[in-house]
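Hi,

Here is the structure I promised to pass on. My notes on it follow just below.

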Amino acid sequence: MESQDVIQHAKRSANRIVATNAHLEGVQAELVDFPALQVGPRRAFYQRAKEARGYYIKDILLAIINSFIAHIEAGLQAEVSPERRAQLDVVSDFLEQSRVLLETKGVHPAAPAVLIGAARR
């Protein structure tokens with residue numbers, strides 16, 4: 001998803017928070033998943049949105065999404081962390097090994113299937 005698309009989606013989420021007068025569980029779930037997908041589940045946006053509770057939850061969630069928007073606008077999500085880069089490299093290696101096994105005669109089809117399954121973890 002392009003940065004502008006992420007920003008627009010985040011702004012729609014912020015508008016939903018402002019417009020919601022009752023239960024915010026649905027919006028909170030969206031705010032937990034969305035930043036996790038965009039910048040990773042170990043980032044503070046994900047953790048804070050997940051932990052938000054209490055009387056001021058609306059204000060907390062709004063502050064989190066506005067900070068997330070500022071983070072994206074500043075271009076800070078563009079960098080891939082070394083941990084994520086390593087994960088991507090491992091998955092790429094598994095998939096390449098699977099491709100080679102699929103093209104090799106005499107290899108049981110379960111072998112590449114196992115590697116593909118490992119890549120999904």
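Let me start in helix H5, where arginine 99 and glutamate 103 sit 4 residues apart, so about one helical turn separates them. Helices here are DSSP runs of H or I with at least four residues, numbered from the N terminus. This is a predicted model, in which local features need pLDDT of at least 70 and side-chain atom pairs count only at pLDDT 80 or more, while totals for chains, interfaces and linings use all residues. Residues are numbered from 1 along each chain as its sequence is written, and side-chain values use heavy atoms, with hydrogens and water left out.

Arginine 99 and glutamate 103 form a salt bridge, with 2.8 Å between the closest N and O atoms (a side-chain nitrogen of Lys or Arg within 4 Å of a carboxyl oxygen of Asp or Glu). Arginine 99 also meets glutamate 96 in a salt bridge, at 2.5 Å from N to O.

On accessibility, glutamate 103 is exposed at 58%, while arginine 99 is partly exposed at 37% (relative accessible area: buried under 20%, exposed over 50%, partly exposed in between; 1.4 Å probe, protein chains only).

Elsewhere, the largest nonpolar core has 21 residues (buried Ala, Val, Leu, Ile, Met, Phe, Trp, Tyr and Cys joined through side-chain atoms within 4.5 Å). Helix H4 (57–73) is one of its contributors, and H4 gives the largest share, 7 residues.

Best wishes

Conventions
Helices (H or I, at least four residues) and strands (E, at least two) are DSSP runs, numbered from the N terminus.
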